[in-house]
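I opened the notebook to record what I looked up in this structure. The entries follow in the order I made them.

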Amino acid sequence: MCVTKAVKGRFKIKGDRYEELQELMKFSDGSDQFAFNDKDVTYVSRLQCVQAAIEAQLIEMKTDKSKRKVGLVSFNGDVTIYGDGTQIPQTISGDKLKNYEYLLENGQKVAK
C-alpha cells in the first residue's frame, strides 16, 4: 500500500511521474481533478522519502570522502543482513532476535 503526504510546493523527486501525466493531459477535456484544489502540492510517498534519504547519505559520504561503511539490512518477520554485498547474506530469526548479546556480537562480526 502506498501512503503519500502532501507537501506544499512543486518538487522534482525520484519516482515523480508528473511530467508523464502532463503528456497524457493533451487528451483531456481540461477538467483536471485536484484533491481540495491542491494545485501547488507535491505528493511524496514513504518509499520516495527513504530513497531520497539514502541517496543524500551516499552523496554526502562520497563528497566528504568518508571512511564509513555502507551495508544493507532488511526487516520483515526476521532480519537479513546483506552487509556490503561481498559476503553471503545472513538471516536472523526466532529467539535470536530477542537475544541482545547474540545480536551485539553478531553485529560486531559483520561490521568488520
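I began with pLDDT, the predictor's confidence in each residue, from 0 to 100. The chain has a mean pLDDT of 80, and 78% of its residues reach 70 or more. This is a predicted model, in which local features need pLDDT of at least 70, side-chain atom pairs count only at pLDDT 80 or more, and totals for chains, interfaces and linings use all residues. Residues are numbered from 1 along each chain as its sequence is written, and side-chain values use heavy atoms, with hydrogens and water left out.

I took helices (H or I, at least four residues) and strands (E, at least two) as DSSP runs numbered from the N terminus. Where pLDDT is low, the predicted coordinates should not be read in detail.

Next I looked up the sheet, counting two strands as paired if DSSP finds at least two bridges between them. Three strands form an open, antiparallel sheet in the order E3-E4-E5. E3 (72-75) and E5 are at the edges with a single partner strand each, so one side of each has no neighbour in the sheet. Strand E4 (residues 79-83) pairs with E5 over three bridges, in the antiparallel sense. I found Val79 opposite Ile92 in E5.

Last, I turned to helix H3 (residues 100-111), which has 12 residues. At its start, a side-chain oxygen of Asn99 comes to within 3.2 Å of the backbone nitrogen of Glu101.

Technical notes
Expected span 1.5 Å × (residues − 1). Polar contact = N/O pair within 3.5 Å; in protein donor to acceptor, adjacent residues only side chain to side chain.
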